[in-house]
Amino acid sequence: MTFRKLCFILAGIAILSFAAGPATAADTIKLAYIDPLSGGFANVGDAGQKHFQYMADIINGRGGVLGKKIEIVPFDNKISAKESLIQLKNAIDQGIVFITQGNGSSVAGALIEAINKHNKRNPENPVLYFNYAAVTPAFTEEKCSFWHFRFDAHVDMKIAAITDYIKGRSDIKKIYLINQDYVFGHAVRDAAISMLKEKRPDIEIVGNTLHPLIKVKDFSPYIAKIQASGADAVITGNWGADQSLLVKSGKDSGLDVEWYTFYGGGLGSPAAIGAAGEGRLKQVTEWHNALSTEENQPADEKFYLGYQEKYSDGGRAPYYYGRIRTMMEMFVLALEKAGKAEPTAVAFALEDMQYDTPYGTVTMRGFDHQLIQPLYISTMTKVGTQGVKYDVENTGLGWKTDGRVEAEDTAMPSPCVMKRPKK
Amino acid sequence: MLEYIIFSLLNSLLYGMLLFMLSSGLTLIFSMMGVLNFAHASFFMLGAYFAFQISVYIGFWPALILAPLIVGFLGALVERYGLRTVHKYGHVAELLFTVGLAYLIEESVNLIWGRSSVDYRVPDALDFAAFTLFTTDLSAYRVFMLVISVSMFVVLFLILTRTRIGLIIQAALTHPDGVSALGHNVPGVFMLVFGGGCSLAALAGVIGGNYLVTEPAMAAQLGPIVFVVVVVGGMGSLTGAFVASLLLGTLQTFAVGIEYSLSDLLAFFGVTMEAGGILKDIWRIQVSHTGPILPYLFMVLMLIFRPKGIMGKRES
């Protein structure tokens with residue numbers, strides 16, 4: 001085949017695929033899922049995608065929304081901000097106007113800026129961004145944007161819950177902070193230092209380490225440092241492999257501390273710590289798999305078991321992101337309220353929207369687009385003891401609630417000044 | 001403090017030995033054949049993946065033997081039918097060949113095992129604490145890793161110094177042309193060394209894959225460090241590679257624990273740095289944050305002040 005012929009064929013394929021693209025676009029409401037699907041955080045991105053797919057299955061099973069089905073379109077951003085912007089462009093070029101992303105505040109910050117810019121330049125064709133997990137406070141504070149909605153409690157809210165709990169634990173005297181060295185890890189560190197100082201001035205912060213994101217494969221040197229510091233408890237915002245490898249190294253060295261984590265409850269971390277996590281590994285989340293039995297919610301139990309059956313890979317990766325369910329249900333309500341799949345109308349519909357989850361009413365705060373929801377602190381506990389029914393990641397250990405923080409008590413003031421488009 | 005130092009030394013030793021297993025093969029290949037094998041870390045990755053797959057079917061112990069053998073055989077094939085063919089076009093062609101091979105292996109791994117990490121676990125028989133020193137446990141698997149890597153070092157040392165083939169390899173390290181002129185089958189020795197080097201890397205993959213993480217990016221992450229070991233250790237010197245591995249292991253492990261920055265150092269001499277200015281970030285970087293770049297800094301310094309490495313015997 002000559003080079004020229006090859007060029008013609010390739011051009012033909014390109015034209016055909018472009019022509020075929022928009023024809024299907026009108027049939028479904030598409031949600032672009034931009035998260036890491038390769039590299040060190042691939043398991044995290046993959047789990048998130050399955051959660052969204054599960055919700056899309058459920059919504060489409062009910063007949064969809066506005067007479068259309070919801071379709072999740074995955075884009076791999078390799079956890080890089082640069083790559084995410086390329087994928088955002090890619091999604092916009094495919095005519096997708098609803099975007100979701102969660103992993104990495106570095107990525108989320110870049111997306112917010114790019115979407116602000118895009119919507120300013122193309123006021124007729126805006127895109128809307130649902131953030132389900134990037135929790136740097138600035139996104140709903142000084143950097144708040146009309147086009148961004150956050151469905152997860154941010155760092156300060158979560159650290160407030162953790163430090164309130166620690167306030168009542170007079171046996172904890174020394175705390176070690178270890179976090180990922182980027183904007184999110186810095187936010188966790190700063191919030192922990194200032195809130196501990198305020199609530200428990202007697203606590204000594206015996207270490208404060210930042211480590212490179214997803215580069216460390218063996219945390220033993222860090223564990224040796226924690227061991228040497230004599231800490232009673234560790235506070236960490238680590239996620240993905242950085243969290244699971246951290247607790248795995250801790251387990252291997254027999255480190256006897258309580259782990260206060262944001263993301264210790266899923267995505268490989270429970271399996272990595274195993275039996276050594278009993279009574280030691282704690283998490284602050286909006287949901288965990290024991291809530292349905294603790295608060296007697298059979299419908300939520302059925303929802304959990306449905307995912308377990310269909311997407312959990314034999315229980316190895318169980319349902320984890322309670323907020324994805326909340327987000328998708330609120331998205332559907334907003335679409336119905338707006339009456340059309342148009343970002344500006346959906347955004348206005350979401351503002352101040354309330355939604356009844358099985359565990360209380362949540363509110364999408366209108367002035368800064370931060371979801372206000374109840375939070376739980378829970379501890380890894382053996383199945384069969386203290387009413388724990390389901391385990392996580394086939395460890396034989398599940399969760400038990402230590403305390404619940406009501407939605408209104410998690411709310412924090414925000415200096416957000418938001419520019420709004422015309423209705 | 002004593003506990004911290006002892007365990008950091010143990011950690012350094014473990015990491016250093018792993019590095020040595022990887023770099024010993026590379027240093028042999030590099031100094032004998034003059035080929036910078038960019039695909040070397042890929043054979044390390046293949047070792048880990050093969051071990052994972054074999055351990056799924058017949059368990060970890062057979063994998064410990066089988067995976068390095070298979071990878072060594074693959075390495076020999078690569079030398080015989082790949083490198084030897086491009087050899088006549090010179091070193092640049094060989095270099096490009098190994099770079100291409102590294103990509104090929106990575107993409108194949110992506111295709112077969114997926115882009116996410118695989119669940120390659122430490123065998124149950126070794127998943128317990130071997131002993132407790134002060135308050136820290138040392139897991140049995142880490143002891144096992146140390147035993148394997150030390151015995152590998154001893155065996156390799158004996159082969160190179162006590163056997164006939166070892167003598168030829170040693171001679172070919174320093175005087176490749178001379179050995180060839182004496183009528184030895186140098187291409188055959190090359191194939192053997194390449195295959196052997198690859199299987200050493202694979203052995204490191206088998207025991208390192210479950211201790212660290214088995215994922216498609218593992219080759220790209222360890223690859224550059226291995227080159228640092230070879231350069232710092234010096235061409236043609238296994239002892240040099242050994243010393244360099246332990247040195248780099250210690251450097252990286254201890255750097256994690258040092259939380260001093262340049263401004264602290266200057267403050268010690270009574271100089272206080274202003275908090276502002278363009279260089280403000282440089283003053284407050286702590287040594288613990290620089291861990292990942294220290295080996296490369298070390299390599300650059302080595303190239304400037306002692307280009308033949310710690311124990312290198314020749315300049316090129």
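Modeller: A word on terms to begin with: helices (H or I, at least four residues) and strands (E, at least two) are DSSP runs, numbered from the N terminus. This is a predicted model, where local features need pLDDT of at least 70 and side-chain atom pairs count only at pLDDT 80 or more, while totals for chains, interfaces and linings use all residues. Residues are numbered from 1 along each chain as its sequence is written, chains are lettered from A and ligands numbered from 1 in the order in which they are written, and side-chain values use heavy atoms, with hydrogens and water left out.

Colleague: Good. How many helices and strands are there in chain B?
Modeller: Chain B has 13 helices and 2 strands. Its radius of gyration is 21 Å, close to the 20 Å that the globule rule gives for 316 residues, so chain B is as compact as a globular protein of that length. The radius is taken over C-alpha atoms, and the rule is 2.2 Å times the number of residues to the power 0.38.

Colleague: And what does the C-alpha trace of chain B span along its principal axes?
Modeller: About 65 × 45 × 40 Å for chain B.

Colleague: How much of chain B counts as buried?
Modeller: In chain B, 48% of the 316 residues do. Buried means under 20% relative accessible area, exposed over 50%, and partly exposed in between (1.4 Å probe, protein chains only).

Colleague: What about the accessible surface of chain B?
Modeller: The surface of chain B comes to about 15,000 Å², and 71% of that belongs to carbon and sulfur atoms. These areas come from the Shrake-Rupley method with a 1.4 Å probe; for residues, only the protein chains shown count as cover.

Colleague: How many positive and negative side chains does chain B have?
Modeller: There are 14 positive and 16 negative ones in chain B, and the centres of the two sets lie 14 Å apart. Lys and Arg count as positive and Asp and Glu as negative, with His and the chain ends not counted. Each charge is placed at NZ of Lys, CZ of Arg, CG of Asp or CD of Glu.

Colleague: Now chain A, please. How many helices and strands there?
Modeller: Chain A has 14 helices and 15 strands. A compact globule of 423 residues would have a radius of gyration near 22 Å, and chain A agrees with 22 Å. The C-alpha trace of chain A spans about 70 × 55 × 40 Å along its principal axes.

Colleague: Same run-through for its surface and charges?
Modeller: Buried residues make up 59% of chain A. The accessible surface of chain A is about 16,300 Å², with 54% of it on carbon and sulfur atoms. Chain A carries 47 positive and 48 negative side chains, and the centres of those sets lie 6 Å apart.

Colleague: What does B:S139 touch?
Modeller: Leaving out residues up to four places away in sequence, B:S139 touches A:D252, B:F128, B:A129 and B:A130. B:S139 sits in strand β2 (residues 136-139) of chain B and is buried, at 8% relative accessible area.

Colleague: Is B:F153 buried or partly exposed?
Modeller: B:F153 counts as partly exposed at 22%. B:F153 belongs to helix α5 (residues 140-162) of chain B and touches B:M17, B:F20 and B:F242, again not counting residues up to four places away in sequence.

Colleague: Backbone next: which phi does A:Q386 have?
Modeller: A:Q386 has a positive phi of about 50° although it is not a glycine. A:Q386 lies in the loop between β14 (375-382) and β15 (397-405) of chain A, and is exposed with a relative accessible area of 58%. A:I79 also has a positive phi, of about 55°, without being a glycine; A:I79 is in the loop between β2 and α3 (81-93) of chain A.

How values were computed
Contact = heavy atoms within 4.5 Å.
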